[in-house]
Amino acid sequence: MTIQQLEKSWQSGKPDAIYFFYGEEEFLRSELLTKALDAFIPDFSLRSFNYDQLSGTTHKIADVINCAKNYPVMSDLRVVICTEAEKMLTPRGAEKVTPKDESRFDVLYDYLEDPNRNTILIFSAEKSGTKTHYPWKSIFAKVTTLEFTPLKEAAATEWIVTRAKKAGRNFETKAANALVSHIGSDLRALLSELEKLMIYTGDREKITVADVEMTTGISPLYNIFALQNAIGTGNKAKAVEIGLRMLEIDKSARYPIFFSLAKYFEQLEVTREMASRGQGENAIAQALGLFGGGAYFVKDYISAARRYPKAKLDHAMRTIVDAEFDTRRFKIDDAMLIEKLLTEIIA
């Protein structure tokens with residue numbers, strides 16, 4: 001079964017009672033879990049009564065099954081999702097070969113034979129056990145399963161182009177190829193970059209290779225990331241050089257620069273606050289939306305946040321807002337404007 005086939009069965013009102021989603025492509029798994037809630041409990045006011053999420057790290061299989069046996073309240077169906085299910089379903093010690101080796105799975109076997117049809121039970125796991133061993137053998141025999149394997153680059157390119165089309169954008173294939181080659185096939189990271197591109201391009205429908213170069217750092221010398229890095233390290237001359245060259249490459253780069261720098265300093269503020277509370281790099285990267293390979297750059301944000309205390313961050317934001325406001329009141333040469341802006345920020 002494919003994701004499309006499964007969604008079609010949901011739309012037709014013919015869901016199965018139990019599902020097992022597994023595989024390393026975490027983004028698509030998580031997205032499908034959200035779609036399950038939208039499909040079966042569309043009324044948000046009823047979700048607190050009819051939706052439970054449990055974790056294989058903190059709950060036992062009996063907890064999940066007992067929860068699944070409950071009936072919906074003012075709804076046709078309820079949804080129970082068990083994440084990290086592999087930690088709950090893996091037998092102790094070596095893999096077992098008979099269903100009676102561990103009695104804790106008896107409650108699962110019984111439920112597989114006679115599930116509550118008023119509950120949609122979904123197990124979600126990064127990986128499954130051996131399909132010829134229990135309890136996995138019973139699960140694969142009795143449950144609707146769907147595997148989420150990491151996408152190859154070609155498939156990831158097609159996915160991001162389709163995603164952009166749904167958002168009303170024409171993502172050129174060459175541009176999408178360039179993005180995937182640079183970022184990789186991590187879908188969460190790709191989606192994050194697409195969101196940046198849509199903001200960068202504004203109302204323009206087409207997303208080009210030049211747009212990707214300007215926002216993702218593919219062009220190694222003159223792009224928004226290189227500009228942010230120069231600002232973060234306090235290199236005023238380099239920042240001005242990059243800003244002016246970005247204007248030469250794209251005459252309409254003024255407003256994307258404003259937006260990107262405002263977002264950058266907001267991220268530095270978040271970084272500064274989290275670091276002051278002793279939170280680690282992983283937590284900061286997640287808060288900043290740095291996924292996949294992008295998480296590597298969290299060290300740069302932490303270093304830059306040390307350079308820009310609260311007063312400097314506030315000054316930078318005011319300077320950006322004032323510069324943008326000046327463009328509304330006066331006819332200003334873009335090169336002079338950007339040079340003045342960067343000089344004041346890194347003063």
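E7 is buried, because its relative accessible area is 19% and the class covers values under 20%, with exposed set at over 50% and partly exposed in between (1.4 Å probe, protein chains only). The residue E7 is found in helix α1, residues 3-11, where helices are DSSP runs of H or I with at least four residues and strands are runs of E with at least two, numbered from the N terminus. Leaving aside residues up to four places away in sequence, E7 touches L32 and K35, a contact being heavy atoms within 4.5 Å.

This is a predicted model, in which local features need pLDDT of at least 70 and side-chain atom pairs count only at pLDDT 80 or more, whereas totals for chains, interfaces and linings use all residues. Residues are numbered from 1 along each chain as its sequence is written, and side-chain values use heavy atoms, with hydrogens and water left out.

Turning to the aromatic residues, rings of Phe, Tyr and Trp (its six-membered ring) pair if their centres lie within 6.5 Å, and planes under 30 degrees apart count as stacked, over 60 as edge-to-face and the rest as tilted. By this rule there are 13 aromatic pairs. One of them joins F20 and Y22, a stacked pair with 5.1 Å centre to centre and 10° between the planes; both F20 and Y22 are buried. Another is formed by F265 and Y308, whose ring centres are 5.6 Å apart with planes at 75°, so this pair is edge-to-face. The F265 and Y308 pair links distant parts of the chain, 43 residues apart, since F265 belongs to helix α14 (residues 254-276) and Y308 to the loop between α16 (298-307) and α17 (310-329). F265 counts as buried at 2% relative accessibility, and Y308 is likewise buried, with a relative accessible area of 1%. Elsewhere, W10, Y19, F21, F40 and F148 form one aromatic cluster.

Charged side chains also sit over rings, which requires NZ of Lys or CZ of Arg within 6 Å of the ring centre and within 35 degrees of the ring normal. The cases are tabulated here.

| Charged residue | Ring | Distance to ring centre |
|---|---|---|
| R47 | F44 | 4.1 Å |
| K312 | Y308 | 5.7 Å |

On the surface, F49, V73 and M74 form a nonpolar patch with about 310 Å² of accessible area together. Patches are made of residues with over 30% relative accessible area and no salt bridge, joining like charges within 9 Å and nonpolar side chains (Val, Leu, Ile, Met, Phe, Trp, Tyr) within 5 Å; a salt bridge is a side-chain nitrogen of Lys or Arg within 4 Å of a carboxyl oxygen of Asp or Glu. Accessible areas come from the Shrake-Rupley method with a 1.4 Å probe, and for residues only the protein chains shown count as cover.

M74 lies in the loop between α4 (61-68) and β3 (78-83) and, at 63% relative accessibility, counts as exposed. Its phi is near 55°, a positive value in a residue other than glycine. E84, also not a glycine, has a positive phi of about 50°; E84 is placed in the loop between β3 and α5 (86-89) and is partly exposed, with a relative accessible area of 33%. A further backbone feature is the cis peptide bond that joins Y134 and P135, with omega about 5°, P135 lying in the loop between β4 (119-125) and α7 (136-142).
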